[in-house]
Amino acid sequence: MSFVPKTAPFSGKINAVTLGTGDKAITIGGQNVLPFYTFDAAIENAPKIGIEISDTADQWDVAGLTELYAGCTTMAERAAKAETVEGADFICLVFESADPNGDNRPVADCVADAKAVAEVVTKPIVVMGCKHLEKDAELFGAIAEALAGKNVLFMSAKNENYKTVGASVALANNQKVGAETADDINLAKQLNIMLKGLNVPAESIVMNIGCAAVGYGYEYVASTLDRVRLAALAQSDADLQMPIIATVSADTWAVKESTASEEDEPAWGNREERGIDMEVSTAAANLTGGADAVIMRHPVAIATIKKFIAELV
Amino acid sequence: MALKGLDIFKLSPKKNCKECGSPTCMAFCMKVAQGAVEIDKCPYFSDEAKAMLNEQTAPAMKTISVGEHKLGGETVLFRHEKTLVNKNLFAVSVCTCMDEATVDAKLADMAKVDYERIGERMYVEFVQVANTQNDPAVYANLVKKAAATGRSLILECWDVECAKAALAVCGKDVILDGATPENWEAMNAVATEAGVTLGVWAENISDLYDTVKKLEEKGNKNLVVDVTGKTAKETLANAVLVRRTAIKDGDRSFGYPSIVNLAKLAKGDAHLQTAYASMFTEKYASIIVMSGMSYAQALPLYGLRQNIYTDPQKPMKVEAKIYPLNGADENSPCCLTVDFALTYFLVSGELERSNQPVNLIITDASGMSVLTAWAAGKFSSTTVKKTFEELDIANKIKNRTLIIPGKVAVMKGEIQEKLPEWNVVVGPLEAVQLPKYMKDKEYEAAAKAAAAENAAKATTAVEVKELSFDELLATKVPAIEVKEWDAQYKGYNPESSTFVTIGERIHCIAPSIRKAMDERDPEPILQRAYEQIKAGATYLDVNIGPAEKDGPERMMWAVKLLQENFNNVPLALDTANMKAIEAGIKVYNRTNGKPIVNSADAGSRIGYIDLAAANDAICIALCSADGIAKDNEERMMHCDNMLERGLSLGMDATDLWFDPLFLVVKGMQDKQMEVLEAIKMFSEKGLKSTGGLSNNSNGAPKDVRPIMDSALVAMCMMQGLTSAIVNPNDRRLMETIKSCDIFKNHVLYSDSYLDL
């Protein structure tokens, strides 16, 4: 009469993708169960955390970040500091100011930054662009070449520029490529098929299926994560078995809960605490839904999520 | 698994004898499924069927009510499968181990978090009172204090005497979280006597299951399970296994709501509690107990909860009202948009970024985005005027600049006419352009121009008398020029059972047709009619847009134009303006069949059935009310309601063509078979059906769409679909339909059947 839980791993499995080189290299994916369902089967690789360093980081204005990066003036200095943050498994460089509609920083300058970073850090590197399709394609190609052999992940190739990005990053320079779509499982699958069609190996592809801060349309992210994971595991859909990275910090630090001053919202209390909890909650929700890695910003939030993961796997 | 009305219907005698008091067996079965009627009311159900139903009608997971709160009642494991029903609630924990000042501070802090977000009150619903001292007087004292907050209570208390003392000092909206494998019998007696919900906890999930079983055997099913384990890992395992066992394996002994106590798992680490609480919001806690709830925690957690528990088929709406931004007052300009939550967040975010004081006016548009709402007639000058009147905006705001979304620039004239004192300005196309637009005050020149125009109009304004249809026909409908066409409409016998295709290409969403309708230019409209007729369309749909202003003369013109040029081709009249449909029918020639009213639904457009009945027309009846029906039970309920209404107004059942609402594969792939099943149900009831079939392939590549549409139409015709609104110029689709009509023996085969 006593209860015997029915537990079983799925037949499908998430691809294991390795980033970086040497003893600091990390592997994401590899499991054949839903996130943290250790009672069904052991989790092959614990989810990982990336720490975000933007080339506009000098504009970050909460104390925890200004203190962490005090005295740093270059991206490399910030990256060296970021590498020491407890819980950060990899470094995520964001070249926001490359945007032609913004500062339009030249590609050569960004490449120089990336090279300088690669010289001072040993943890794996992920590169994000400025969300301008053509500029990103150009930028990724140049950095991929400059950081050859470092096994870097570039985020991301989109439906509009996957050919250029896939070719220059994955084919020519043997780096890893992120496939980015916005809360659309059909497009996510299609983009993976197209990248594989270019001869990019499945094990070189990571997905960014879209992100949003909790409270801001997160239901679309949640359901896309659920559906992608169920397709990959329960239906063994090889075109959706790529591990998932969620870019948490960019969304959570831009919403009102994290930006409104204490004068404007006296009831809400300390602004930095609000920003940390928005980041923590969105990261935890993504990891529970299916993200294999999250990109975060605040050291306290990162330490919290590190502990969260450690308790669960 | 909860039994649906349709499952019961399958076992029913299907006699429609009305002896039970319901009009049909189907209606009776729906009521049984809802628990509104006992199955014994029907004298013809076999005992065997009844026994089977009694066992199966119990839902997989019970809904437990505690005061005004409902817990559990879930039917799926993932929100995309259907919808999650009862959101998780939060509790703050106080304990006899705390000193009085700590308890007071905690309860006071808890009360501070109380706000509204998208129409929902956000606050801590429960106080959890933990007993560690085992002194009845001490515990009762603390419970009394917690009860004074007015929140519902969770009494975590394993000592029988303490529990009794506590229950004596609080109300009935209480969960006594006190049963364990050791004390369950005594605790059960306490809870039952007090009439409160009993919580069950055990060291491990196996003992938990056994204890629940024992309580059930004693007749207590008013239970919740406390799944808190020694670690977060164990707790997640318990929460998932309990829910999965109930819903996937159908074992009702774990079909109870669950409590997760984070105060125990993340003592002292508020951020870690936020992380855990986020996880358990997604993974199956019904109540999450926290050691405290600050605003920093509440803002993300309640936001996440609101997202996870929204119905995936019903968009989130914000309240229609004035939202003053950046310190706006009555002298600040106004921006107008719809009530879709994502639109609101996007637009308000961009407006805030502009740092310019502005009043954001949200108008009721059934939670649709700007263009969707406009096309559905939910965002029109009439709905805007209604919002302005209901919110008394003209008296609340003195500034008269009203910026409307660039995407609905076409509405400018109509809104200006309905709101003559306002200076209506067309804003940017995209929200991201708003900060610059507002900062540079780009609207000022346009507002000035509008003001000047309004002033000029005011001096020349004359009373306009509403004209009758005949007067309109005589004065406002241009004469029809009839041309020679090399292909003509061949005629149609409404008695025939062949598939009816309704050509969809005369639609105002196409810019060329919109322009032609506005300018009464026959050419583009006749051209599309010609192409569709040549391709073999049975009916032509005529969509004249929302047509708020000149609907009747527009529709009369279009009907005459098409029928006089094409041998009285039968038409479906398609607009949100009911007067226009009425006018169109006035000039309609019935030689080749009745006009079709496109369309009624079971919600705000139910009146279209009355319109069709009064004018002896066919009516397309969309089986949804507001948003997509969540399952076939709901679809068939709408179907029955509309059928009853039509019949009571004297319509023939076959003049109502039921539309299951075709869903797009990209996004709702898992609902396609349900739609096909609905068609079969219409067919089994002897009803006709139709719908916008090609919606299934929306967003798919151009060369793939005809293949998908053809496959679907063949499957639909197998299920009994009698008509569809399609593009007749899709040759593959038309050939598939003709072939299916051969297999269905509707048309006698000949080698050249495709050419007929």
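B:Thr63 has B:Gly72, in S2(B), as its bridge partner. Strands and helices here are DSSP runs, E of at least two residues for strands and H or I of at least four for helices, numbered from the N terminus.

Some housekeeping. This is a predicted model, where local features need pLDDT of at least 70, side-chain atom pairs count only at pLDDT 80 or more, and totals for chains, interfaces and linings use all residues. Residues are numbered from 1 along each chain as its sequence is written, with chains lettered from A and ligands numbered from 1 in the order in which they are written.

Back to the hairpin. Strand S1 (residues 63-66) of chain B runs antiparallel to strand S2 (residues 69-72), joined by 4 bridges. Two strands pair if DSSP finds at least two bridges between them. There are 2 residues between the strands, and B:Gly67 takes a positive phi near 60°. In a regular strand the side chains alternate between the two faces of the sheet. S1(B) has B:Ile64 and B:Val66 on its covered face, B:Thr63 and B:Ser65 on the uncovered one.

Now the whole chain. Chain B has 30 helices and 25 strands. Its C-alpha atoms fill a box of roughly 100 × 70 × 45 Å along the principal axes. Of its 756 residues, 48% count as buried. Buried means 20 or more other C-beta atoms within 10 Å of the residue's own, exposed means 12 or fewer, and partly exposed is in between, with C-beta atoms placed from the backbone.

Domains next. The bounds come from an automatic or database domain assignment. Chain B gets domain 1 (5-56), domain 2 (63-67 + 85-308), domain 3 (322-460) and domain 4 (661-747). The centres of domain 3 and domain 4 of chain B, over C-alpha atoms, are 40 Å apart.

Then the parallel sheet. It is open, with 8 strands of chain B in the order S24-S23-S22-S21-S20-S19-S18-S25. Strand S24 (688-689) and strand S25 (723-726) are the edges, each pairing on one side only. S24(B) pairs with strand S23 (residues 656-659) of chain B over 2 bridges. There, B:Phe658 has B:Ser689 as its bridge partner.

On to the cores. A nonpolar core is a set of buried Ala, Val, Leu, Ile, Met, Phe, Trp, Tyr and Cys residues joined through C-beta atoms within 7 Å. The largest one has 238 residues, and those with the most contacts inside it include A:Leu93, A:Ile125 and B:Ala166. H9(B) gives the most to this core, 9 residues. Why does the core lie between domain 2 and domain 3 of chain B? Because both domains give residues to it. A second, separate core has 95 residues, among them B:Met30 and B:Ala724.

Last, the contact between the chains. Residues are in contact if their C-beta atoms, placed from the backbone, lie within 7 Å. How many residues does each chain put in? Chain B gives 42 residues and chain A gives 44. On the chain B side, the elements giving two or more residues include helix H8 (205-217), helix H11 (270-282) and helix H12 (295-308). H12(B) gives the most, with 11 residues. By class, that side has 21 nonpolar, 13 polar and 8 charged residues. Nonpolar means Ala, Val, Leu, Ile, Met, Phe, Trp, Tyr, Cys and Pro; charged means Asp, Glu, Lys and Arg; the others, Gly among them, are polar.

Key:
Two residues are in contact if their C-beta atoms, placed from the backbone, lie within 7 Å.
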